[in-house]
Amino acid sequence: MSQLQPIKGTHDLMFEDIRRHRHVEETAFEVASRYGYGEIATPVFEFTDVFKRTLGDTSDIVTKEMYTFETKGGDSVTLRPEGTAGVARAFISGGLAQQTPLKFFYRGPMFRYERPQKGRQRQFHQIGVELLGVPTPQADIEVIALGAHILKELRLTGAVTLEINSLGDIESRAAYRDELVRYFSARTDQLSADSRERLARNPLRILDSKDPADKAAVVDAPRFTDHLNAASKDFFQQVQDGLAALDISFKVTPALVRGLDYYGHTAFEFTTDALGAQGTVLAGGRYDGLIKQMGGPVTPGIGWAAGVERLAMLLPELAQANRPIAVIPIGDEETKVALAVTNTLRHAGLSVDIAYSGNMGKRMTRANKIKAAFAVILGSDEVRDGVATVRNLDTGDQVKVAQADLARHLAAFK
RNA sequence: GCGGGUGUAGCUCAGUUGGUUAGAGCAUCUGGUUGUGGUCCAGAGGGUCGCGGGUUCGAGUCCCGUCACUCGCCCCA
């Protein structure tokens, strides 16, 4: 084992991995821009307070999963564990309230100090969207439709399930929370140790516990959907009708909750069973209280985030990348011509690699290795005649082409 | 933070009840073929068996510790 280790939970992306990674990001951004979303790139770190205020002091993310450190100037800063807080901070500090509605797409690395496992790393990447300033269900519908559309474009529709739920407005949520606490408090002996703790801190979380005892206790628990007030119920119904109208299939899951305090009304999750324990692939919800809670003007918002690594793992095989052309000079004198030919072809928009060393057989082998479609061979005869031998590496056919016509000849096969 | 599994060649792995020189396939390199690759044939290089300690005449194999990876809990995208 080498002395030089990567930091636990971090990975180097290269070759096929990064192709898949970029494919996810670029597909997502392309689709999002069709919906009017513009890209925003916020810093990867913020004052720690930004995350404390948005995520709440009790969430596990804040209490034990943040990379927090002190700067030389004595400020406490934190590597972002998620993307919404930074966007919300940018909204406030940039005075963007005058420009609503705003639609943002973001992508980039996030950091959480967690024990790595399948689909979970310490530095991971998310793509996400935020729609700020639209209080009506149309926003919820559009944001979910966008998520579904991206997954479709990634050819993942069959691999994921959309679950939705309503967390109601503040009034409904407070009432439901009280009811839930009353219910579980009468049954603490049936709950797992973890859930007894959740009861005090985040009772909604008991609903999606994986513990068998908890699951049994949850079966007869009061349901959120039965405790929504009229306004919340109507809001949720409109979201469901809107999704149905767009032919987006979904399942209402009363146990679906959010880990973070600022969510209300719509919560949704696209999940898969193909990734082991970390099955959530794209998830989000409405956060009407967030901007205000951070000290900004009252501004409704809704958004989601998706894990790029998780999506990349699910992705079907990507189409082969464009195959390059291999230029193969045979001697030193020919190499000079080969460099000029290579330069010309590259400027003509072709992707070209040149074999710098080895005998001809070795250079041909190298051409195979980079999956070249054609070899452009330049020996003394070719150079003397101002031509090149163009060999189709799949069929073995080869023809002589004037050097001046190479770009045109090869472009036809691109 | 807690629990399970795994660490042997660049990669994937085998290695018997502890036994003398640790193997295979793939990959790499060389030659057969000094202007023609993907196939084939022949050969070569490459390992302090994760690290440290212990038991033993003898440890890749057994024991203890440690580190790393991995899966799950927790949390979450």
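**Helices and RNA contacts in a predicted model**

Residues are numbered from 1 along each chain as its sequence is written, chains are lettered from A and ligands numbered from 1 in the order of writing, and side-chain values use heavy atoms, with hydrogens and water left out. Helices (H or I, at least four residues) and strands (E, at least two) are DSSP runs numbered from the N terminus.

Chain A is divided into domain 1 (15–169 + 229–314) and domain 2 (325–411), with bounds from an automatic or database domain assignment. The C-alpha centres of domain 1 and domain 2 are 49 Å apart.

Helix α13 (360–369) has R363, M364 and A367 buried. Buried denotes under 20% relative accessible area, exposed over 50%, and partly exposed in between (1.4 Å probe, protein chains only). These three residues lie on the same side of α13 because they cover an arc of only 100 degrees around the axis, the arc being that of the directions from the helix axis to the C-beta atoms. The face turned away from the buried side of α13 carries the exposed residues K362, N368 and K369. The cover over the buried residues of α13 includes β12 (325–329), β14 (374–378) and β15, where contact means heavy atoms within 4.5 Å. At the N-terminal end, α13 is capped by N359, a side-chain oxygen of which lies 3.2 Å from the backbone nitrogen of G361. A polar contact is a pair of N or O atoms within 3.5 Å; within protein, one must be able to donate a hydrogen and the other to accept it, and residues adjacent in sequence count only if both atoms are side-chain atoms.

There are 48 residues around RNA strand B, of which R112, R120, R198, K362 and N368 come nearest; a residue is near a strand if one of its heavy atoms lies within 4 Å of it. Of the atoms of RNA strand B that come within 4 Å of the protein, 50% belong to sugar and phosphate. The surface near RNA strand B divides into 12 nonpolar, 17 polar and 19 charged residues, with Ala, Val, Leu, Ile, Met, Phe, Trp, Tyr, Cys and Pro counted as nonpolar, Asp, Glu, Lys and Arg as charged, and the others, Gly among them, as polar. Its largest share, 7 residues, comes from α13.

Backbone atoms also approach the RNA. A backbone N or O atom of G119 is 3.3 Å from a base nitrogen of RNA strand B.

In helix α8 (residues 212–219), D214, A217 and V218 are buried. They are on the same side of α8, because their arc around the axis is only 100 degrees. P212, A216 and V219 are exposed on the face turned away from that side. Among the elements covering the buried residues of α8 are α6 (170–185) and α7 (193–201). D211 caps the N-terminal end of α8, with a side-chain oxygen 2.8 Å from the backbone nitrogen of A213.

Helix α6 contains S172, which is buried at a relative accessible area of 2%. A polar atom of the S172 side chain lies 3.0 Å from the backbone nitrogen of N229.

Technical notes
This is a predicted model: local features need pLDDT of at least 70, side-chain atom pairs count only at pLDDT 80 or more; totals for chains, interfaces and linings use all residues.
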